[in-house]
Amino acid sequence: MTNDSQTAEREGHLVGAEGAVLRADNLIAGYLPGVNILNGADLYCQPGELVGIIGPNGAGKSTLLKALFGLVKVHEGSVKLKGDDITNQRADQLVSKGIGFVPQNNNVFPSLTIEENLEMGCYQEPKRFNERFGFVTDLFPRLGERRKQRAGQLSGGERQMVAMGRALMMDPSVLLLDEPSAGLSPVLQDEVFVQTRNINRAGVSVIMVEQNARRCLQICDRGYVLDQGRNAYSGTGKDLADDPKVIELYLGTLGQQAD
Ligand SMILES: Nc1ncnc2c1ncn2[C@@H]1O[C@H](COP(=O)(O)OP(=O)(O)OP(=O)(O)O)[C@@H](O)[C@H]1O
Ligand SMILES: [Mg+2]
């Protein structure tokens, strides 16, 4: 992408970003001094939107979610939640301000029961447990039925429900999901996409990173293709899925697997 088109992209981005529940502008971030993984990534999510992020391995997708959630140091740029600057705030503060995060790996406590995992999700406000447990088990009835079972004994798909449920316990304004379908069988992957859409339809704004790019673009309102730490393409899920360049560069084999 040329500098001109990057500038145009950024200006377009700023127009659409007004009123966003979460937005990140020109993020430069990384794990080690002098080694930037994000090189000017932009993103926004409007209230009620389901936003997808796709891109090749190592593009910085997980790093972007971690930067939004205060787990990776942001060197330049800003993250705003409902207009308030939250750049580099601690993850536990961000949870209380309304961001939920489900990491890519190790996202449940295996030795705890389902119920205890969900309790951990609202340890900052334990009085809300009953109300939120009701919300989560309406979305995932199986978690209610098996509430006394240890998370370590569950299938991968069920563990993913526990992880999403835990993040929903604080009634987040926006939920960040890092590859919720990873490592699951095709049937369970499909279930996770349906569940993600159901969470979104229940009123939660969602930003999801996905390897299963075509499926992700099918369900999201808008999507971003991240490459080498910056936005390569963005648009509605449908426009991206139909874009010959996006298909050629990013949907090739992954897209075929998803069909
Ligand atoms: N904890 C870390 N410390 C140092 N470098 C890291 C760390 N985590 C990731 N990286 C590096 O950051 C780059 C981007 O990684 P990231 O995990 O964000 O990519 P990704 O797009 O999520 O990839 P994948 O599709 O494989 O999950 C990679 O080069 C990776 O080696
Ligand atoms: Mg990742």
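Is Gln160 buried or exposed? Gln160 is buried, because its relative accessible area is 9%; here buried means under 20% relative accessible area, exposed means over 50%, and partly exposed lies in between, with a 1.4 Å probe and protein chains only. Gln160 sits in helix H7, where helices are DSSP runs of H or I with at least four residues, strands are runs of E with at least two, and both are numbered from the N terminus. Beyond its neighbours within four places in sequence, Gln160 is in contact with Val102, Asn107, Pro180 and Val192, contact meaning heavy atoms within 4.5 Å.

Before we go on, a word on the model: it is predicted, so local features need pLDDT of at least 70 and side-chain atom pairs count only at pLDDT 80 or more, while totals for chains, interfaces and linings use all residues. Residues are numbered from 1 along each chain as its sequence is written, chains are lettered from A and ligands numbered from 1 in the order in which they are written, and side-chain values use heavy atoms, with hydrogens and water left out.

Now step back to the whole protein. Its secondary structure comes to 11 helices and 10 strands, and its C-alpha atoms fill a box of roughly 55 × 40 × 35 Å along the principal axes. The radius of gyration is 18 Å, which agrees with the value near 18 Å for a compact globule of 259 residues; this radius is taken over C-alpha atoms, and the globule rule is 2.2 Å times the number of residues to the power 0.38. Of the 259 residues, 51% count as buried. Among contacts with a separation of 6 or more, 68% come from residues 24 or more positions apart.

Seven of its eight residues are buried, so H2 is largely enclosed by the rest of the structure. Lys61, Ser62 and Thr63 are among those buried residues. After H2 comes Gly70, with a positive phi near 75 degrees.

A polar backbone atom of Gly58 is 2.9 Å from an oxygen atom of ligand 1, and a polar side-chain atom of Gln104 is 3.3 Å from an oxygen atom of the ligand. Taken alone, ligand 1 exposes 630 Å², and the protein buries 60% of that, with areas from the Shrake-Rupley method and a 1.4 Å probe.

From there, turn to Asp171, in the loop between helix H7 (156–168) and strand S7 (174–178). Asp171 is partly exposed, because its relative accessible area is 37%. Asp171 and Cys122 are 49 residues apart in sequence and 9.1 Å apart in space, C-alpha to C-alpha. Leaving aside neighbours within four places in sequence, Asp171 is in contact with Arg128 and Arg132.

Finally, look at two loops. Most residues other than glycine have a negative phi. Asn106, between strand S6 (99–102) and helix H4 (114–121), has a positive phi near 50 degrees. Gln228, between strand S9 (222–227) and strand S10 (230–236), also has a positive phi near 50 degrees. Asn106 is exposed, with a relative accessible area of 77%, and Gln228 is exposed at 60%.

Note on methods
A polar contact is a pair of N or O atoms within 3.5 Å; within protein, one must be able to donate a hydrogen and the other to accept it, and residues adjacent in sequence count only if both atoms are side-chain atoms.
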